[in-house]
Amino acid sequence: MADTGNSDAFVAFERVQKSYDGETLVVKDLNLSMPKGEFLTMLGPSGSGKTTCLMMLAGFETATHGEIKLNGKPINNIPPHKRGIGMVFQNYALFPHMTVAENLSFPLEVRKIGKSDREAKIKRALDMVQMGDFGGRRPAQLSGGQQQRIALARALVFEPELVLMDEPLGALDKQLREHMQFEITNLAHELGITVVYVTHDQTEALTMSDRVAVFDDGKIQQLAEPDVLYESPDNSFVAQFIGENNTLEGTIKEIKDGLALVELDDGEVIDAKPVNVNKPGERTLISIRPERVEVGTERLGPDAHTLKAEVAEFIYMGDVFRTRLKVAGKDDFIIKTRNSADQRRLQPGEQVEIGWLPEDCRALDAV
Amino acid sequence: MSKLKSTGQQTADAPTPEDAFHEAATYEDREKGKAPGEKSAGPVLAADGTPLKRSLRRALRVQKMRALMLIAPLLIFVLVTFIAPIADMLFRSVENQIVSNTLPNTVEKLEGWDASQEGAPGEEVFESLYSDLFLASEAKEHTRLGTRLNYEQTGLSSLFRSTGRDVDDIGEDQIDALEDFNEVWEEEGFWFNLMSGGQGAEKDTALVEEQRRRLAALTGDDYDAEIGFAPGAAISDLLPRTARAYTAFALFTVVDDEDVVAEEEPWEAVKVALIRELRAGVDLSGYDGPGAAELRATQDMVADLKPIEFKPAFLASDEDWGTNDIWTTIQMYSPPFTSGYFLNAVDMEKTPQGPEARPETQQIYLMLFERTLFMSLVITGSCILLGYPVAWLLANLPMRTANLLMILVLLPFWTSLLVRTSAWKVMLQQQGVINDVMVWLGIVDDASRLVMINNQFGTIVAMTHILLPFMILPMYSVMQTIPPSYVRAARSLGATNWTSFWRVYFPQSVPGIGAGSILVFILSIGYYITPEIVGGTTGTFISNRIAYHISSSLNWGLAAALGSILLVVVLVLYWAYDKIVGIDNVKLG
């Protein structure tokens, strides 16, 4: 599931554990390795241990057990200021008593870089985030988005190879956030830096990252590329956490030729792809993405199992239609259909037949 | 913030229904086809045609009044118990009406006297002094004046007291002769008749009013009571001094002694005035009022008497009256306002040649001011040094530990100031805990125990301890608002622990240091109890001297002047602090 120690990895967590109180583990046996230049996002609900991992990497928390390696060398005992890792904080942490230029100059001064070099680097960093004219301002005179850019410039100005970002866009409004997501990814790829990005926003994680590590309960639930994560979640937590998801509860009847026959709780039987279920009789949670549900049987195989459903609600959302159905005794089954010219709008109360390709329907562990 | 606000349309802090109404109204005006330029010419109008500013003010007035009512109790309290006493103190430091109130005639006569002459002024000044001092000694006010003038020149207090006793005896022989000549001069009824001019005579009420004011100024009491006497216009015209003296006597008899004028024999001063005026050759030929015959007869008699001479009489009572010093002092302190207290407070004195520095042996206050400022600075400095780490710990420890520490910080607040200070006495004295421990450890020899109390060291130690919470609390509340992410950011940017503290954390904690320093410095500059108990002679503050003048020497004027200087020093320092550091940089959290 997760990578184990890899000598080529730029950043590696090896069997890392963390406990604050000596009674519970906040991070449980974390193994993770990432190559140079990767944009990796740690995604998870609050309290899942993702920020703790980031802080251990930055050096502000010490691992209770295990080893963290940077460029092949263990860094557990190296203090934060010697790690050379750039970091962008949630509230930006721009020094309020310094101007923007002084803020950017700070990491260069402590590295004893000459004045002319410093000025050139500051200018380049500010230009990089399109804030060239703001060097003389104080952080309080800047808007949230501008502060964000400065924080980014400050983390990059001393040319670190690894940059950590702790929910850097959390305080921005939606439009600005989307814009900054785009800018940060572009910048990271242009500069070829390695980024570890922490967020609880799954859209952000999916759009920005090369790989996403989904955290829950102190463990990485799944580490994969965004599309894999979305389309082939390894377990029901990931399926639920990433994107919209329909679930149906049932019991495995039979597993044969890579297909599982699942008997739903109301007695109906459907096909599903077994993911982490092993034997008949096991309880399972069936997961189907709303956009993969077919209404009618035209596009399904001749022997595909279908379910009867009743339309409960039709919601017009512009580009898509969202229809809520009553299926197998539950009334929160959502389907999404594209608003194309030939698409029929379902009416509430209408009886329809729904089905899906077996590979879109994943039989996961019952929570 | 203010920038953001100025771009908004509303001047009020929050939109209210009235705002919406005004907005709608101005909008309507615009809709009614006004030319675009027309609007900018005049003030913006509300719907009813009044200027918008005025309607807004009116709308906000109720709120303002309500707010004012809420703070009214405190405002009144502060005015009565704080502002008024300070104003009174400032007034007292220059007020000097006691001299002109007690010796009005003397002061007037002295105006023309040239103090650079040798010796005392002439007879006529002494004559005024006699009448002023007689009245003052009757009212027992002469000792107060003596005490007041004694601040400026030692010996004046006893001079006034002894002369006040002797003043009754001046002109004794002549009065005896007068009374021997005719018994009527001992009769209350005759005097009353003579002075009031008899029934239905024209009265000189102006004189009564004048004497009422004079006595009121002298004693500070009210002399408005009805006394059943007014001098006759004729006699007042003829014998003005006698009439004045008798009127004063009459007022005093009724108001202070609560007797009837017609039943009391007049003062010696009245008789002395009569003898003087008769001897001066007043023309009695036109007078036909009561006692005219007796007056004429007496005038002939007194002409043969020895003249009453005041100057020799005063010199006989105390020869100091003949010295130049005394009269110079009296003349210098005659005006109702004086800079004397302030000059005194900065170790100077008034001389006829202008302010001069006192002799070195008498200088004390400048040194005390300097010491007070110096020690307050040292105390503030040691509070910063000791308090900063504690405040840092408070702000950065986990909640539970921080609370415990906070209780320890606040503990001194729950102990009486006196107890804490006395505890330091126990700790620091030569047979005290610290000395004992050091002797026991062999650090100090038993014979040379350290002197740590009743000097500056003791005061600084005890006051640092007492004022420490005032430093820690503002620093703590400022430090609490500094998120840990700043230091983390600094360290992630490559700064060492020290650099991130010094360049990132410390500058942000400066407002707390500023607030604490102002608090501690201003508190310590006026501190009294602790230096009084542990300060000895070298560790006392200016406040101890102020307290001494308030409660022991009773020189309130000087105490007020010292207090005013202290107040000004604090204000100047505050102003300087604002200029250098900026008061905006002071935060209490």
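The domain assignment of chain A gives two units, domain 1 (11–236) and domain 2 (244–365). The model is predicted. Taken over C-alpha atoms, the centres of domain 1 and domain 2 of chain A are separated by 39 Å. Contact between these domains involves four residues of domain 1 of chain A and seven residues of domain 2 of chain A. On the domain 1 side, the touching residues of chain A comprise one nonpolar, two polar and one charged.

Chain A also contains an open sheet of five strands. The strand order is β15-β19-β16-β17-β18, and the pairing is antiparallel. The edges are taken by β15 (294–295) and β18 (330–338) of chain A; each has a single partner strand, so one side of each lacks a neighbour in the sheet. Within this sheet, strand β16 (residues 307–316) of chain A runs antiparallel to strand β17 (residues 320–327) of chain A, and seven bridges join them. A:E313 stands opposite A:R324, a residue of β17(A).

Chain B has 29 helices and two strands. The radius of gyration of chain B is 37 Å, whereas a compact globule of 589 residues would have a value near 25 Å. The C-alpha trace of chain B spans about 115 × 100 × 45 Å along its principal axes. Of the 589 residues of chain B, 34% count as buried. Contacts in chain B were also sorted by sequence separation. Among those between residues at least 6 apart in sequence, 72% join residues at least 24 apart.

Terms used
Residues are numbered from 1 along each chain as its sequence is written. Chains are lettered from A and ligands numbered from 1 in the order in which they are written. This is a predicted model: local features need pLDDT of at least 70, side-chain atom pairs count only at pLDDT 80 or more; totals for chains, interfaces and linings use all residues. Helices (H or I, at least four residues) and strands (E, at least two) are DSSP runs, numbered from the N terminus. The radius of gyration is taken over C-alpha atoms; the globule rule is 2.2 Å times the number of residues to the power 0.38. A residue is buried if 20 or more other C-beta atoms lie within 10 Å of its own, exposed if 12 or fewer, and partly exposed in between; C-beta atoms are placed from the backbone. Two residues are in contact if their C-beta atoms, placed from the backbone, lie within 7 Å. Domain bounds come from an automatic or database domain assignment. Ala, Val, Leu, Ile, Met, Phe, Trp, Tyr, Cys and Pro count as nonpolar, Asp, Glu, Lys and Arg as charged, and the others, Gly among them, as polar. Two strands pair if DSSP finds at least two bridges between them.
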